[in-house]
Amino acid sequence: MKRNLSLRILPLFLSVLCLLASCGTGPDPEETETAPTETETAALGMKDRPVSEDYLSVVPAGEHDVRILFLNVGKADAILIRIDGEGWMIDAGDRDAPPMLAAGMRLLDLDSLRGVFITHTDSDHVAGLPRFLADYAVESVYTSTISADWDKVERVRGEIPRVALDPGQTVKAGEGVWFEVIGPVRYNPRDDNNSLILRLRVNGATLLFCGDMMTDEEKSLMYAGMDLDCDLLKVGHHGKKDATSQSFLLESTPSVAVICANREEESDSAHKSVLKALREAGAEVYITEETPVAYDVTVTKQGAIEVADADVPEPEKIRFVSVSKSEQLVTIENAGDTDADLSGWWIVSETGSEVFEFPDGVMLAPGGTLTVGTNHYNGEPDFRWNDARVWHKSKEDRALLIDPWGSRADFTLSE
């Protein structure tokens, strides 16, 4: 593993950051943008934000228990991290992510989080946040200072404080371990390029989380002299070919690369040119669509990075009997030979991203059935889904039945 990464960048970083703040210059004069003004920052309620310690003055130390789940939430990003028993999250997926977030919390034996980092406000990074905050205690929500629109977070965070972060700051994750803020270093009209970039150095390994960073932000970081060397790279922008440039790979040299993507939903994600470049750079590549629930990453106390599919219990034999578009009614049955506890089970509409969670304590006997109807259903179902219409009448739709550990069964609607 790469150890004792150089902190050679301080003079260059400070001088360039001052230059960017004063005149907005970047690596290409044609891409020059203006950073948000102090008035704009104050309008977001962030003028008196707490300032964390400069990462150039922190020295990672100690041996830590570290597990990271890169959840399969379709094309979206959702990453859960446990460090010495305390939980963190980077991005919250789309509207249909809560069942998988809940499964990840169970897998890591967490019932609350120290913090949630939202890299930027695209729906596939932030739309799962409202339901998650309603279900779990979170101490703080972290964002970058720079963004086109943080109102999406402001509207849902409630009483949870939002802490805006600038490059060079840190968030302490335990004794001798910090999340270090690498970017963004300048404002860009494409909010993907305002992604919060985080580095985690722990147990002698370095992990770099890149949100939806594209080549413009990559250039900004390299121009600022940021140390991008890492062992594990969470690849930017879902592995599309507008990110992960050759020059960026020469700087980062990851041995493990994880791409949050689903090529059925976005055919240009996990692009073959990016996969080729990563492998030629020596990285072992993992794409979240290829794992049933999540990639479970362990950073050993010796600094090795171990990747495996999350180990989940064998799912109970609960299955769809029917899903009616016209009636807006779902029928499921217990095909097993023992009583099934449906606590923590979910039904998801893949097209509309609506989710329904069964209440705690719902039991289903062997051979038994129950029904879930929307508000459009005129009868009396066993449970009511509080949406007028869930199943799309004209578009192809698919129903997902998700157990408490993230195992899924699907049903394609035909009428």
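A residue is called buried here when its relative accessible area is under 20%. The views below come from a predicted model.

**View 1. Phenylalanine 356 and tryptophan 385 form a tilted ring pair.** Both phenylalanine 356 and tryptophan 385 are buried. Their ring centres are 5.7 Å apart and the ring planes meet at 40 degrees, so the pair is classed as tilted. Phenylalanine 356 belongs to strand β20 (residues 355-357), and tryptophan 385 belongs to strand β23 (residues 383-385). The two are 29 residues apart, and their pair links distant parts of the chain. Both rings are also members of one aromatic cluster, made up of Phe356, Phe358, Phe383, Trp385 and Trp391.

**View 2. Phenylalanine 320 and phenylalanine 411 form another of the aromatic pairs.** The whole structure holds 13 aromatic pairs. In this one the ring centres of phenylalanine 320 and phenylalanine 411 lie 5.7 Å apart, with 50 degrees between the planes, so this pair is tilted. It joins distant parts of the chain: phenylalanine 320 sits in strand β16 (residues 318-324) and phenylalanine 411 in strand β25, 91 residues apart. Phenylalanine 320 has 11% relative accessibility and therefore counts as buried. Phenylalanine 411, at 23%, counts as partly exposed, because the limit for buried is under 20%.

**View 3. Strands β24 and β25 make a hairpin.** Strand β24 (residues 398-402) and strand β25 (residues 408-412) run antiparallel and are joined by five bridges. Isoleucine 402 stands opposite arginine 408 of β25. Five residues lie between the two strands, and in this hairpin glycine 406 has a positive phi near 95 degrees.

**View 4. Four strands form an open sheet.** The strand order is β16-β17-β22-β23, and the pairing is mixed. Strands β16 and β23 are the edges, each pairing on one side only. From one strand to the next the twist averages 25 degrees. Inside the sheet, strand β17 (residues 329-334) is antiparallel to strand β22 (residues 369-374), with five bridges between them.

**View 5. Threonine 374 is a buried residue of strand β22.** Its relative accessibility is 1%, so threonine 374 counts as buried. The C-alpha atoms of threonine 374 and leucine 329 are separated by 6.7 Å, although the two residues are 45 apart along the chain. Leaving aside neighbours within four places in sequence, the contacts of threonine 374 include Gln328, Arg384, Trp385 and Asp387. Ala388, Arg389 and Val390 are also among them.

**View 6. The largest nonpolar core has 37 residues.** Leu113 and Phe132 have the most contacts inside this core. Helix α3 (residues 98-107) supplies the largest share of the core, five residues. Leaving aside neighbours within four places in sequence, phenylalanine 132 is in contact with Met89, Leu101, Met105, Leu113, Val116 and Val138. In soluble globular proteins, nonpolar side chains tend to be buried together.

Methods. Residues are numbered from 1 along each chain as its sequence is written. This is a predicted model: local features need pLDDT of at least 70, side-chain atom pairs count only at pLDDT 80 or more; totals for chains, interfaces and linings use all residues. Side-chain values use heavy atoms; hydrogens and water are left out. Two strands pair if DSSP finds at least two bridges between them. Rings of Phe, Tyr and Trp (its six-membered ring) pair if their centres lie within 6.5 Å; planes under 30 degrees apart count as stacked, over 60 as edge-to-face and the rest as tilted. Buried means under 20% relative accessible area, exposed over 50%, partly exposed in between (1.4 Å probe, protein chains only). Axes are lines fitted to C-alpha atoms, for helices over the stretch in contact, and angles run from 0 to 180 degrees between N-to-C directions. Contact means heavy atoms within 4.5 Å. A nonpolar core is a set of buried Ala, Val, Leu, Ile, Met, Phe, Trp, Tyr and Cys residues joined through side-chain atoms within 4.5 Å.
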